[in-house]
Number of protein chains: 4
Amino acid sequence: MKRPFDIVRLHHVEVTVTDLERAYDFYVHGLGLFETARDDTHLYLRALEDANHHCLVLTKGEQASLNHIAYRVSADEDLDELERLFTKLGTKKKWIQPGEERGQGRALRIQDPGGLPVEFFFEMEKAERMLQKFHLHKNTKIKRIDHANCLITNIEEVYRWYSDHLGFMTSEYTVKGYGEDEKMWAAWMHRKPSVHDLALISETGPRYHHTGFWMDDAKSILDACDHLAAMGYARNIERSPGRHGTSNAFFVYVRDPDGNRIELYTGDYFTNDPDWEPVKWHLDDPQRATFWGTEPPVSWKTEAVPVQDILTGNLIEPKPLAPKPQETV
Amino acid sequence: MKRPFDIVRLHHVEVTVTDLERAYDFYVHGLGLFETARDDTHLYLRALEDANHHCLVLTKGEQASLNHIAYRVSADEDLDELERLFTKLGTKKKWIQPGEERGQGRALRIQDPGGLPVEFFFEMEKAERMLQKFHLHKNTKIKRIDHANCLITNIEEVYRWYSDHLGFMTSEYTVKGYGEDEKMWAAWMHRKPSVHDLALISETGPRYHHTGFWMDDAKSILDACDHLAAMGYARNIERSPGRHGTSNAFFVYVRDPDGNRIELYTGDYFTNDPDWEPVKWHLDDPQRATFWGTEPPVSWKTEAVPVQDILTGNLIEPKPLAPKPQETV
Amino acid sequence: MKRPFDIVRLHHVEVTVTDLERAYDFYVHGLGLFETARDDTHLYLRALEDANHHCLVLTKGEQASLNHIAYRVSADEDLDELERLFTKLGTKKKWIQPGEERGQGRALRIQDPGGLPVEFFFEMEKAERMLQKFHLHKNTKIKRIDHANCLITNIEEVYRWYSDHLGFMTSEYTVKGYGEDEKMWAAWMHRKPSVHDLALISETGPRYHHTGFWMDDAKSILDACDHLAAMGYARNIERSPGRHGTSNAFFVYVRDPDGNRIELYTGDYFTNDPDWEPVKWHLDDPQRATFWGTEPPVSWKTEAVPVQDILTGNLIEPKPLAPKPQETV
Amino acid sequence: MKRPFDIVRLHHVEVTVTDLERAYDFYVHGLGLFETARDDTHLYLRALEDANHHCLVLTKGEQASLNHIAYRVSADEDLDELERLFTKLGTKKKWIQPGEERGQGRALRIQDPGGLPVEFFFEMEKAERMLQKFHLHKNTKIKRIDHANCLITNIEEVYRWYSDHLGFMTSEYTVKGYGEDEKMWAAWMHRKPSVHDLALISETGPRYHHTGFWMDDAKSILDACDHLAAMGYARNIERSPGRHGTSNAFFVYVRDPDGNRIELYTGDYFTNDPDWEPVKWHLDDPQRATFWGTEPPVSWKTEAVPVQDILTGNLIEPKPLAPKPQETV
């Protein structure tokens, strides 16, 4: 189906931190992101490949949380098409004026059916691209933002919404249960031809699990660990480097000083072939989460940050997964 | 402009070799590609990520040459749209019947304005994907095909043709001359959001310079060199590993036993942002070809293989670049 | 002090496995070691750098255990000097005749003061060196044996014995307790100028914790994980890749099908400077075991295999660490 | 043969540069070495592993040249033993007083039979070791000095001198000519158990070809190229990265702004086994210099810096290789 709009890719996220100076140390000195701009309550950062103003906004607030996930569209008029769609679907929405998010043109924000705050925009200011200024790179070399990983309670509804209405494609998915009880447990969805721009996981939600950033290779991810640990951030390395079964990516997970989670990620694959058959995993497969068989720590499986209501900015109270009928008795 | 067809990416190439057994040793044992099928005159190969029948066809013939470059489209009806376009443009064209190229559905072949043989197709048979069968990987680990690099004599015409009619975008380009004499010398064009599916270079043409294959990281490319050299293919390593200024990719160039050139390639970047401003290089910039400053060998700059006429299969006689008017006196 | 003998390095170990075919699959197909020779009860393996008959002997037996750790000396007469020393010290000892261990000249075996079975030898048959036969390398590329890690109950005695009588030097050590209660908990000792040939750890002993093998770089260790996991050995990857604080090495730990533990190891440093001051760590330092802060799994901390008596071949019953006097009341 | 002294390893070199500020930019910002001390005419640098004052001294002078190559001995009295030896051999020698070379105890300097200025010392001041201060590492991560590569006209004499009198061992060597005309052309000699501390090459001499520094892996060497090129030092990258046949090392060669040559080097092997049989190469073997078959640039083969007379500090006039008798007619 040809749609009247084209979502290009996940472009940036905005998350809340409680101390901007402390966050600056972690994200700029530790993760090697470059500062494009800052004010009393915001820090606008970009990665090595970025030719635009920001791929990450850190905003001062009372606790770690997700302000919004932003997708870039291919033309300004796509935003009007999206507004028409959301009006038709009855989606909660709001226009953001040009410059209201620094460096950015007009944007349309919505709350998706899973409760996630999502933004669409077309225009953003340019910024100096650092890709070949290798001598200015830090030891942590993040190339670009890759994906957003979200916890929701109604995956089948949300999955269909992104597939049917926004044209997201699916690279891989995980089921739980067997036979008639088999249900979707997670999905990796994309607009750019990588494994994902968006991962949806069935869990107490809406919550935000992590932002994934692309690095060139596994060695770069190991270098990042050394650099962060030597700075005093060893405890922030939450899950040891390894290879995911799902996505085939090599990863490490770190937490910022407020608990926002970052995945340093590399090594997935091209996904745009029209006959791609999504890879299916079962939740019980021990190689699904870590192809090498080791288990994630408990915090990685249970902790995530709340998300904001796009109209009020309030944190949305997460709800547990709906119990199965027989369990409610 | 929204077009009635969507070209997804460079999907495969077919080149001619004089000895299939010798080619098998080089491509399967040396480059680690997997055999999907073979007959007396063809070898169909795929790379580690491929879920389809082939990304490379080797066909027995009298000398190294390019049979065709194939792009995949997103729907079968795109092929009819393309036929209408080529009819309108007066492009030499020919339908290939389903199965005429083994494993492939119907395909449309053309001779582009630069004289290059090009194919469009939608349907291809599935094949076993080897990505996570790491224990079956050879020491050379090619993930997928990346790009085709072609020499032509009329770059401005060909460049506009791919841009205006087929919707190719430009990531980078090189000019020669200064001021009023500045002219386009090369262009890196893409449909998938990488630096290129197609590179066009101003040179005696039409000729085919190389097929680029993606590897995961620089270390994998060095491992390939060790493996090939130990097999006795040291002389086939034509241009030492290095980083390109243009594309930012890390590379090595090898020649098959017939002289067909392969680039092992990694480390370029995402390119689909709608406001991407193509990176401009000057031919005189010493960091353009090798960011580290070393020169390619003469053979790399002067040698390339001829291309075939899509109707007759004959090799097209390459012509030198048109001399400037004042040079003809 | 100049000694009348010179111990060059840890040269090989002999361990027991219950099923030679299963062990062959793990060590040859999985770890990429090369078979030099085999008979009904032994498999003799060498690594990529080895120009000699074996760096690892697998011997069929009833359970995983350590038969002996072997050090190479610089001259045949060094063995006579060592015999004189061990006679003087009253060390339990035994001569092994030439060929009794296949491919090896005469050897002197002892039980060290910690109860570990140790061998000294000079002469060994040559074998084909595979270092530059890159095309014959598997995906796991072990270069050479590096060290033996042993658990003993009397570290201060054993440490002094290796230091004073055999000329082992210390690169790093760990203490536990504070102030007057501070005691040595572990020591990394070497003859070759690396961090260690021998690690001694205070634990229920004598037991054998692991054999360390050198690989070229961290990427090679990650490749080994992929290869082993794809073969079905994901559960054998016991401790995820990481960097040790002690030794600075990058590592992964795997268990063979019988439970013998292997460390794939790289990235330590040169240690022979005469004024080297051993690096001191405290057992409570969270960056000691894993510089990046993550914890080893329980099995890694508690499991190890028994060692053999050099005269009887019987397994020595491990004893727990002696309780402190005040704890015995 | 047990000698009354023990040479541990190549420890540092002193070379001349014409502009200390420019050299600081290259060696500290570019190569990532750390400054230990400086004065108006000297810069004392150390690498990441070094626990001592310096592995490289840059001294202001009129042109690039070698002041001296320094080996560390295992005890202070070894220096007296060496003096006795050199007196017996009639070697030109000179004592350097403690502190005369900053940070260093007394040292014995000689001119070896090839005309090379060589120093032996035992004592050196400590300096902060940077190995695990990963966050302070630059993008070029040199771990330690590895070897000195020298051009001489009388290799057989010099080779025997280092072998017979100083106890250097040989890991590999190259011959030229065939049959009766076969002669040694180059030798890789070591005291530490690596491929070399000292390489001797038959060429116009005495001249100094390069200082080799150890890096952890090939990726680190490629990162150094990116970093140097981005700083504007692309032209200083003289020979592209590759693998040597001899030594098996992965390398790149760079020139400092005065022309002193540096090899960034990794991946050789352990060499101290008492039955090591030196690897023999023939000068005509195309895989000897570059295992992958590509040729070094002419400058690499022809250019080298002069060496100083240890007594006068004057540059020694290099002499061409002696012609064979029949060639003099």
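How many residues of chain C are in contact with chain A, and how many residues of chain A are in contact with chain C? In this predicted model, 20 residues of chain C touch 20 residues of chain A. The area buried between chain C and chain A comes to about 1,700 Å², and carbon and sulfur atoms give 63% of that area. Leu222(C), Asp226(C) and Trp292(C) supply 34% of the area that chain C buries against chain A, which is more than any other three residues supply.

In a salt bridge between Asp226(A) and Arg243(C), the side chains meet with a distance of 2.6 Å from N to O. On the side of chain C that touches chain A, helix H4 (218–233), strand E14 (237–243) and helix H5 (286–289) of chain C each supply at least two residues. Of the elements of chain C, H4(C) gives the most to this side, with six residues. When the residues on the side of chain C that touches chain A are sorted by class, twelve are nonpolar, four are polar and four are charged.

The relation between copies was examined for chain A and chain B. In general, two copies of a chain are related by a rotation about an axis and a shift along it. Chain A is superposed on chain B by a rotation of 180 degrees with 0.0 Å of shift along its axis, and the RMSD is 0.0 Å. That is the relation of a two-fold axis. Within chain A, the C-alpha nearest the axis belongs to Asp217(A), at 2.9 Å from it. Of the interface residues of chain A, 100% are also interface residues in chain B, so the copies meet through the same surface.

Within chain A, the UniProt record, in an unreviewed entry, lists residues 9–123 and 144–267 for "domain: VOC". In the span of residues 9–123 of chain A, the end C-alpha atoms lie 13 Å apart, and the span is 21% helix and 41% strand. For residues 144–267 of chain A, the end C-alpha atoms lie 14 Å apart, with 21% of the span in helix and 46% in strand.

Notes: Residues are numbered from 1 along each chain as its sequence is written. Chains are lettered from A and ligands numbered from 1 in the order in which they are written. This is a predicted model: local features need pLDDT of at least 70, side-chain atom pairs count only at pLDDT 80 or more; totals for chains, interfaces and linings use all residues. Side-chain values use heavy atoms; hydrogens and water are left out. UniProt positions are given in the numbering used here, feature names are shortened, and annotations may be inferred rather than shown by experiment. Helices (H or I, at least four residues) and strands (E, at least two) are DSSP runs, numbered from the N terminus. Contact means heavy atoms within 4.5 Å. Buried area is the accessible area (1.4 Å probe) that two parts lose on being put together, summed over both. A salt bridge is a side-chain nitrogen of Lys or Arg within 4 Å of a carboxyl oxygen of Asp or Glu. Ala, Val, Leu, Ile, Met, Phe, Trp, Tyr, Cys and Pro count as nonpolar, Asp, Glu, Lys and Arg as charged, and the others, Gly among them, as polar. Copies are superposed by least squares on the C-alpha atoms of residues with pLDDT of at least 70 in both.
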